[in-house]
Amino acid sequence: MAQPDTKRFFENLTGAGKSIAVLTSGGDAQGMNAAVRAVVRMGIYVGAKVYFIHEGYQGMVDGGDNIEEASWESVSSMLQVGGTVIGSARCKEFRTHEGRLKAAHNLLQRGITNLCVIGGDGSLTGANLFREEWSGLLGELVQQGLIDEDAVQKYSALHIVGMVGSIDNDFCGTDMTIGTDSALHRIIEVVDAIMTTAQSHQRTFVLEVMGRHCGYLALVSALACGADWVLIPEMPPADGWEDKMCQKLSATRSRGTRLNIIIVAEGAIDRHGKTITSSYVKDLVVRCLGFDTRVTILGHVQRGGTPSAFDRILASRMGVEAVLALLETTANTPACVVSLCGNQSVRLPLMECVQMTQEVQKAMDEKKFEEAVKLRGRSFENNLRTYKLLAHRELESELPQSNFNVAVLNVGAPAAGMNAAVRSAVRVGISEGHKMFAVNDGFEGFYKGQIKEIKWADVGGWTGQGGSLLGTKRTLPAKHLEKLAEQMRINNINALLVIGGFEALECLLQLYEARSSYEEYCIPMCMLPATISNNVPGTDLSIGADTALNAIVETCDRIKQSASGTKRRVFIIETMGGYCGYLASVGGLAAGADAAYIYEEPFDIKDLQSNVEHLTEKMKTSIQRGLILRNENSNENYTTDFIYQLYSEEGRGVFDCRKNVLGHMQQGGAPSPFDRNFGTKISAKAMQWLSKKLKETFRQDEGRVFANTEDSCCLLGMRRRAMVFQPVVQLRDETDFVHRIPKEQWWLKLRPLMKILAKYKTSYDVSDSGQLEHVVRIRPKDSDVSA
């Protein structure tokens, strides 16, 4: 999509005179409430009237009290609630022409011609049919004397924008649907708990997860927990899979593993279309291997619980984007769906997405399984490819032998997901035929010789472990170049994979500079960003940041809940991040904060005073709690204590104050499903890149690797829609080394959303919005060139 030459701001768009209705339909999904909240508040903010339609299409057909005008306060305290508070129901009546006629009449009575539908492909298809029939329905209502000709002119077009709320992630055109990440959280919580009991008794567990037509939940949870076997509808196992699975389980046990995990999607089938049930798999394992085996069916647990930080942010972004889309729509604009592509929200024609989703099922019915996987999209395809790489070990004799030695190490502070990245690197490296070496305690351990070969089985069970099992230090290599070079000679290291935060970038820059003095550093090197602060240039996201965000959001939820039933109270919460305000800003958006103070957006005493006054006004309504986040280094003078004392004094008589410093709890805990998955996939991709570079830079005549070009020392990061390898020297100009942050940060664009949703007047840059794109079957390939 061509980028606009000038910035556009949504102040040019007005909702005055417009009425927007929001409904949730079909199955519920965590995060739907965050989407409803965003639609209501953004709609009111731009001057539109916003209505709830309770109980989905049933409420639209029944009318009456089911269609209720929403107020700003009516959506407070719903961000952290699972399910959908406005209700959802499957409605047979809406499928009939008479039902849709009733629904049209009920909408017209309130002047509603803009619909925001949150649901699955069935709900969205129904909305599009309703839109196509609209003019005909108006004609029938005129004939029946229920509306006049003026109403037909005034309400001539119905505008539809969809958001996909489905835990199955079964909708084509978007990388993630609202609710999927939260469902993965529920699954992984159960798997982590089951693993401890399975290990105690040397048991095999068969877990059945939701996914009647889509295996996304089964596949990603298998990837995130390192399951031994996974069965999904899109890729049925080949004939004879029973024997292969039993051989795999037996081989895993013979290497000393005390448990096996098998994940089955509820819609799993074999190549002949026969259903594979969890009980069938259990009986098979007991009969063939005699293992003590148990079945756990997760069921509706996956739909329940609070939404994850990812789902809250995704739903909030999509809700705001949906309102913008409705403001910009014309009579000729097709119904669109707001989707996520990489890290960017996009608008796609609704029916193109629905048709592709239906094509997937058609391909599966016709047993064209490879095509079905491709139609699911690049995210699904990458997950499946990575799972196959990591789960199924070839025999030593069948592996290619490269004679290359690759070292992997962690640098900087620990981040959840580092261990998943190391496991992935080791297993992909061994699959590529390399000898893998693990370095303990970063570059400090490296120059001291703390390096040893690491095997396939050594990293079993690492995905779910927090922190850094290899150990990590902040030591930079510059002062130890001679000793490091010696260790690289002794161990004949041909390539280096460094997993870490800002220090890791500095390390690679120092090693790149040292190439002119030491040939040992003339080897391919790759860095994976892993830091809770998300302050590494060259990437939108870092391994560990999602886990830290979830820790912040869960704590904020508990802190806010502690004030329920008490007098009006404001909480001041300090987050980590150094000088980078990512955790405070994005955590604030996910937790429903009133303000987030960060270094990147300077503030003074007037701003603090303005925030206090704003909160004082809010406390006069039914809203009883306020939440303020402050990044630890946002301002050296306006400390957390200072802000706490200021708010306490200025709010005296209206609200009281409490403060909380979250500290290192943001760095601990088991990694979130997102971080496990992200770390695993990004690491596998880095290892494949290193293998390619090793082959390219191997000098046959000298019998050694020699790489001294810029593009042989790269950072692999996510940029907007793609994973990109970028030479670290080119990132130098993008970096503020004094404050250890990138000069430009994408998430600053999200800050106005937090302010808008907290009722502040602000400017919001919508340059990236506004253009309808088209669904593409094959996305652009991930780029290997610098961004």
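A charge is taken to sit over a ring if NZ of Lys or CZ of Arg is within 6 Å of the ring centre and within 35 degrees of the ring normal. In this predicted model, Lys274 lies over the face of Tyr280, at 5.5 Å from the ring centre. A further case is Arg253, whose charged end is placed over the ring of Phe291 at 4.3 Å from its centre.

**Aromatic pairs**

The structure contains 16 aromatic pairs. One of them joins Tyr57 and Phe94, with ring centres 4.1 Å apart and planes at 15 degrees; the angle is under 30 degrees, so the pair counts as stacked. Tyr57 belongs to helix 2 (residues 56-62), whereas Phe94 lies in the loop between strand 3 (67-69) and helix 3 (97-108), so the contact ties together parts that are 37 residues apart in sequence. Both Tyr57 and Phe94 are buried.

Phe130 and Trp134 form an edge-to-face pair, because their planes stand at 90 degrees, with the ring centres 5.6 Å apart. These two residues are both in helix 4 (residues 121-143), where being 4 residues apart separates Phe130 and Trp134 by about one helical turn. Phe130 is buried, with a relative accessible area of 0%, and Trp134 is likewise buried, at 1%.

The two pairs are set out below.

| Pair | Distance of centres | Angle of planes | Class |
|---|---|---|---|
| Tyr57 and Phe94 | 4.1 Å | 15 degrees | stacked |
| Phe130 and Trp134 | 5.6 Å | 90 degrees | edge-to-face |

Tyr57, Phe94, Phe130 and Trp134 together form one aromatic cluster.

Which strands make up the open sheet, and in what order? The sheet consists of 4 strands arranged as 19-20-18-21, with parallel pairing. Strand 19 (595-597) and strand 21 (656-661) stand at the edges; each has a single partner strand, so one side of each is left without a neighbour in the sheet. On average, neighbouring strands of this sheet are turned by 20 degrees against each other, direction ignored.

Strand 18 (residues 569-575) is joined to strand 21 by 6 bridges, and the two run parallel. Within this pairing, Val570 is found opposite Cys657 in strand 21. Helix 19 (residues 582-591) lies across strand 18, strand 19 and strand 20 (625-631), and runs at about 160 degrees to strand 20.

Definitions and conventions. Residues are numbered from 1 along each chain as its sequence is written. This is a predicted model: local features need pLDDT of at least 70, side-chain atom pairs count only at pLDDT 80 or more; totals for chains, interfaces and linings use all residues. Side-chain values use heavy atoms; hydrogens and water are left out. Rings of Phe, Tyr and Trp (its six-membered ring) pair if their centres lie within 6.5 Å; planes under 30 degrees apart count as stacked, over 60 as edge-to-face and the rest as tilted. Buried means under 20% relative accessible area, exposed over 50%, partly exposed in between (1.4 Å probe, protein chains only). Two strands pair if DSSP finds at least two bridges between them. Axes are lines fitted to C-alpha atoms, for helices over the stretch in contact, and angles run from 0 to 180 degrees between N-to-C directions. Contact means heavy atoms within 4.5 Å.
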